[in-house]
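Okay, thanks for coming, everyone.

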Amino acid sequence: MLQGKEILLGVSGGIAAYKSVLLLRELTKQGANVNVIMTQSATEFVGPLTFQTLSGNPVTTDIFTLFASSEIGHVALASRADLLVIAPATANIIGKIANGIADDFLSTMVMATRVPVLFAPAMNTNMWASLVVQKNIANLKEMNYHFMEPAEGELACGVIGRGKLADIDAIMDEIKALLSPDDLKGEKILISAGPTEEAIDPARCLTNRSSGKMGYNLAAVARRRGAEVILVAGPSAEFETWGIEVVHCNTAIEMANAIDANLEGVTSVIMAAAVADFRPAKQASEKIKRDGNYSLELEPNPDILAGLGRRSDKPFLVGFAAETSKLLAHAKDKIKRKNLDMIVANDVTAPGAGFVVDTNIIKIIDRDGQMTDFPLMSKEKVAGVILDHIIKLKNQRRLRGPVS
Ligand SMILES: Cc1cc2nc3c(=O)[nH]c(=O)nc-3n(C[C@H](O)[C@H](O)[C@H](O)COP(=O)(O)O)c2cc1C
């Protein structure tokens, strides 16, 4: 989603300046054109040449730098951009901007721009906690500047506490949120993600290959687009999702209960989790020993999706059909049987689709039998088209009136 975006990256003089090199890498990797502005102090920590080489653009450090033609540098850069991110943001740059001081290129440009400005502060714990820094931040927030909360941990000065630069992935997520439309504002979406685990004995379990990537991407993109999101997630080592409430669970029964307990006010449910259809009929309290043959009796788990489809207060319901054969027939049958509004079907045997990988190939089918085919896309893009489709179908329904 950053393809073709113009990002300004302001780097001020903190020890975390080296981490903004990683942020620059991630921004360019995802398609953004980045212009870097460094304060004089920042150049004491990392050389401008590093940023210049990695961005492919000249780095500005001086307000009196000559620009192409008769452009006035800070105004020209500020007017071309989609977003300005300052990472790391020192106590000094925060203080200057909060008080209207524009005595270098970066602080001048903040005044000259109308695009969203995101600060990612990094400083010593006591500096972060100081009243003056907190007051400056509160004033800037009131003026619609955006802030990342610094992370907790061991700082470069050896102190343990809050003040580390927020995680690069978290900063990337916030940048994308600020660049996304707010078209899901007012929606409360419950998304299930990942596999479930059904214990056989204390050491072993029945599970599946779901990584949770599809559900996590749906949650991240929905949040960026303004939805309130509740993520009910089975066991998965997938990345953290910022600003999203995660309700953790293990078994299918725990997932059913977690969904049930969190349905209040929910407008849409997207069941991206791969819920185990069966569980061991008995769970051994001790690890089962290897003597002779062993057979496992299974009993069915509750069908969470069908249960939601039967509710009188059914939210807009989206199911997934991960199939290995007769994809369309199975998907259409599932939509009817479970009273869904929409189903996302994918053949998990196709290269680049299904579990674990970062891409997917999907078809979206609605309850009128309309089918839309999509090519191979990243799971982030897939999340976007699924959410677009939900909005489209809900709008059609509003025009047509309720459909039971
Ligand atoms: C080794 C060293 C590390 C520093 N780290 C930080 C820091 O992490 N955060 C911060 O706010 N200031 C830090 N400072 C202080 C700033 O460099 C100083 O306030 C400077 O004036 C900031 O200028 P700038 O905001 O124009 O970049 C550090 C200073 C030194 C010498």
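**The chain as a whole**

So, the chain has 14 helices and 21 strands. Both are DSSP runs, with at least four residues of H or I for a helix and at least two of E for a strand, and the numbering starts at the N terminus. Before I go on: this is a predicted model, so I mean that local features need pLDDT of at least 70 and side-chain atom pairs count only at pLDDT 80 or more, while totals for chains, interfaces and linings use all residues. Residues are numbered from 1 along each chain as its sequence is written, and side-chain values use heavy atoms, with hydrogens and water left out.

Along its principal axes, the C-alpha trace spans about 75 × 55 × 40 Å. Of the 404 residues in the chain, 51% are buried. Buried here means under 20% relative accessible area, exposed means over 50%, and partly exposed is in between, using a 1.4 Å probe and protein chains only.

Now contacts, meaning heavy atoms within 4.5 Å. Take those in the chain with a separation of 6 or more: 66% of them are between residues 24 or more positions apart.

As for the surface, the chain exposes about 19700 Å², and carbon and sulfur atoms supply 51% of that. These areas come from the Shrake-Rupley method with a 1.4 Å probe, and for residues only the protein chains shown count as cover. On charge, there are 43 positive and 46 negative side chains, and the centres of the two sets lie 5 Å apart. Lys and Arg count as positive, Asp and Glu as negative, and His and the chain ends are not counted. Each charge is placed at NZ of Lys, CZ of Arg, CG of Asp or CD of Glu.

**The ligand**

Which residues come nearest to the ligand? Of the 14 around it, those are Gly 13, Thr 39, Thr 90, Ala 91 and Ala 122. To be counted as near, a residue needs a heavy atom within 4 Å. Helix H5, residues 91–98, gives the largest share of that shell, with three residues.

Let's look at some atom pairs. A backbone N or O atom of Gly 13 sits 2.6 Å from a ligand oxygen, and a backbone N or O atom of Ile 15 is 3.5 Å from a ligand nitrogen. From Thr 90, a polar side-chain atom lies 2.6 Å from an oxygen atom of the ligand. Overall, the protein covers 63% of the 640 Å² of accessible area that the ligand has on its own.

**Some backbone details**

Ala 87 and Pro 88 are joined by a cis peptide bond, with omega about 0 degrees. Pro 88 belongs to strand E3, residues 83–89.

Then there are two Asn residues to look at. Asn 144 is not a glycine, yet has a positive phi of about 75 degrees. You'll find Asn 144 in the loop between helix H8 (131–142) and strand E5 (146–147), and it counts as exposed because its relative accessibility is 61%. Asn 339 also has a positive phi, near 55 degrees. Asn 339 is in the loop between helix H13 (327–337) and strand E17 (342–347); at 25% relative accessibility, Asn 339 counts as partly exposed.

Is Ser 268 buried or exposed? Ser 268 counts as buried, because its relative accessibility is 0%. Ser 268 is in strand E13, residues 268–271, and its side chain makes a polar contact with the side chain of Glu 187 at 3.3 Å. By polar contact I mean a pair of N or O atoms within 3.5 Å; within protein, one must be able to donate a hydrogen and the other to accept it, and residues adjacent in sequence count only if both atoms are side-chain atoms. Beyond four places in sequence, the contacts of Ser 268 include Lys 188, Pro 315 and Ile 390.

Next, Pro 280, in strand E14, residues 278–280. Pro 280 is buried, with 7% relative accessible area. Pro 280 and Leu 296 are 16 residues apart in sequence and 6.7 Å apart in space, C-alpha to C-alpha.

Last, Gly 234, in the loop between strand E11 (228–233) and strand E12 (245–248). Gly 234 is buried too, at 3%. Not counting residues up to four places away in sequence, Gly 234 touches Ala 193, Pro 195, Cys 249 and Met 255.
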